[in-house]
Amino acid sequence: MSAGAPQIPIIVLKEGTNDSQGRGQLLSNINACVAVQDTIRTTLGPLGADKLMVSDRGEVVISNDGATIMKLLDIVHPAAKTLVDVARAQDAEVGDGTTSVVVFAGELLREARNFVEDGVSSHSIIRGYRKAAQLAVNKIKELAIHLDLSDEAKLRDLLMKCAATAMSSKLIRSNSSFFTNMVVDAVLTLDREDLNEDLIGIKKVPGGSMEDSQLVNGVAFKKTFSYAGFEQQPKYFKDPKILCLDVELELKAEKDNAEVRVDKVQEYQNIVDAEWRIIFSKLEAIVATGAKVVLSRLPIGDLATQYFADRDIFCAGRVANDDLNRVIQAVGGSIQSTCSNIEERHLGTCSTFEERQVGGERFNLFEGCPRSKSCTLILRGGADQFIAEVERSLHDAIMIVKHALKNNLVVAGGGACEMELSRYLRDYSLTISGKQQNFIGAFARSLEVVPRQLCDNAGFDSTDILNKLRMMHAKGDKWAGVDMASEGVANNFEKFVWEPSSVKSNAIMSATEAATLVLSVDETIMNEPSKQPQGPPRGGGMPPGAAQRIMRGRGRGMPR
């Protein structure tokens, strides 16, 4: 090829693919994440605002929970979706701090934007951020206060303070004294080794006030579908034996059974009689166990319902799987998949079983359970959206108490921990030379976004309060933070504004990972959406691919 010949362009990507790269694309990604941060930052703190979100189906959700808002926001920008993932990860891991992690990640990117615009390599920024994050997490371990879990009375008091801090930014903050007791009681009923929060059931009943909510020290679930004989059954027992089944106690209609061909009417009658004998043998075996409460995951039909009613036995069919598992955890015994050979050890018990009216619903309550590793919160409120937000608030508080009990290390909240980390990293940055000094300093400035936003959302003078906090931390007052009561600063550890250290550590690491992920991307490639054929091609016949679809469908019972 001669030196002066024009270069022929090589097309690698198919036509219609959108390809953008370079510094402009990186800045576009950063701006998208900062826009998401601006949306959610106003919800941070005790005086943060709520967001009202309406789905395409008209469903309304009012919430200031970061994970819930991020999940419901229909974010289409591919880079900004990393903030959705980081909020979900924080919610799944520690349950709280979801707004903080998004706000902090956005602030890291906002600080990095100035460096990118000046032509600094994004990998240098990433290296500095990762170093700063590791230093911050190590500092949190030094700062964290170890709680004494040996004294039960003191332990309860400590957990209530952590729960109250988690609720301070929620809708239920005005009733926090009522709900903190409920949350701590709920977590303390769990197995200390396992602390599986899934065993805390939450049931919602519209109507009444928030303080009509109750904690059942055992299991409660809504009355299941039942037949006419159900009303004749007793609804209260003391020390009953409880049998949990995975067995269907129902006569099936003939169309549901396998095909049977008979030559004589008597043969048909023999088949029907055999079916009746089978179900009666099951019912007799259940009655012989001495169980007074029979629960089944599968249906219990009208025949079985009336049979149990005649013998003063309570039964409930179609019990939800998670409810039945929590019953087993609380009362003991095991779920039986057959009605034969049921022994005493397969049955559970509780001090009282009762069917009780709660608002407009009837609930089956198992209380005084010997192996009470499970409990149920029955929430009341004036509107469905309100109760749903109460449930989200309690979930966060339960997770905070769980982590405080599991890790027994706490730090002060209200921006105190962030300001101390910011001071530490700023001092550290002055001991090193080169570009890394700037990046670690930027990380330190980003940490100040939490106390600044707390002040802004509460209507305080953030510049004045942050200057006071910097001065106090420079003097060695490591727990100085924003005081919402006095509109100033205070020692938040003495004010019992506490959070588990794992919440802070996880938030810093997750936000850093999200920010470095966005900074490491310099090109976005978006494929053109595939176009579906609108109809058969001209000249009749099937559209392309229809023959293959029909062939694939024949394996699922289509006529040949």
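The questions below cover the pockets, the cavity and the sheets of a predicted model.

Residues are numbered from 1 along each chain as its sequence is written. In this predicted model local features need pLDDT of at least 70, side-chain atom pairs count only at pLDDT 80 or more, totals for chains, interfaces and linings use all residues, and side-chain values use heavy atoms, with hydrogens and water left out.

Q: Where does the largest pocket lie?
A: A pocket here is an open set of points on a 1 Å grid over the protein atoms alone, with protein on both sides within 12 Å along at least five of seven lines; lining residues have an atom within 4 Å of a point. Domain bounds come from an automatic or database domain assignment. Both domains give residues to the lining, so the pocket lies between domain 1 (17-146 + 412-520) and domain 2 (152-214 + 383-407).

Q: What is the volume of the largest pocket?
A: Grid points are joined across faces, edges and corners, and a volume is the space filled by probe spheres set on the points. For the largest pocket this gives about 930 Å³.

Q: Which residues lie closest to the centre of the largest pocket?
A: The lining holds 48 residues. Helices (H or I, at least four residues) and strands (E, at least two) are DSSP runs, numbered from the N terminus. Closest to the centre are P46, T165, S168, S169 and G414.

Q: How many residues of the largest pocket's lining are charged?
A: Ala, Val, Leu, Ile, Met, Phe, Trp, Tyr, Cys and Pro count as nonpolar, Asp, Glu, Lys and Arg as charged, and the others, Gly among them, as polar. The lining has 21 nonpolar and 17 polar residues. The charged ones number 10.

Q: Which residues line the second largest pocket?
A: This pocket holds about 220 Å³ of space. Its lining divides into four nonpolar, one polar and four charged residues. They are M53, V54, S55, D56, R57, E59, V61, L72 and D74.

Q: In the hairpin of strand 2 and strand 3, which residue takes a positive phi?
A: Strand 2 (residues 51-54) and strand 3 (residues 60-63) pair in the antiparallel sense over four bridges. Two strands pair if DSSP finds at least two bridges between them. V54 stands opposite V60. Five residues lie between the strands, and the one with a phi near 85 degrees is G58.

Q: Which element gives the largest share of the lining of the largest cavity?
A: A cavity is a set of points where a 1.4 Å probe fits but cannot get out. The search finds one of 30 Å³ or more, with a volume of about 90 Å³. Its lining has 15 residues, with F225, S226, C315, A316 and G317 nearest the centre. Three lining residues come from the top contributor, strand 11 (residues 314-316).

Q: Which strands form the edges of the four-stranded open sheet?
A: The order of this sheet is 7-15-14-8, with antiparallel pairing. An edge strand pairs on one side only. The edges are strand 7 (218-222) and strand 8 (236-238).

Q: What angle does the direction of helix 10 make with that of strand 7?
A: Helix 10 (residues 321-331) packs on the sheet and touches strand 7 and strand 15 (361-367). Contact means heavy atoms within 4.5 Å. Axes are lines fitted to C-alpha atoms, for helices over the stretch in contact, and angles run from 0 to 180 degrees between N-to-C directions. The angle is about 155 degrees.

Q: Which residue is the bridge partner of K238?
A: Strand 8 runs antiparallel to strand 14 (residues 352-358), joined by three bridges. In strand 14, the partner of K238 is T352.

Q: Which residue in strand 16 is the bridge partner of G201?
A: An open sheet of three strands has the order 5-16-6, with mixed pairing. Strand 5 and strand 16 (residues 375-381) pair in the parallel sense over seven bridges. The partner of G201 is T376.

Q: Which residue in strand 20 is the bridge partner of A412?
A: Strand 17 and strand 20 (residues 498-500) pair in the antiparallel sense over three bridges. The partner of A412 is W498.
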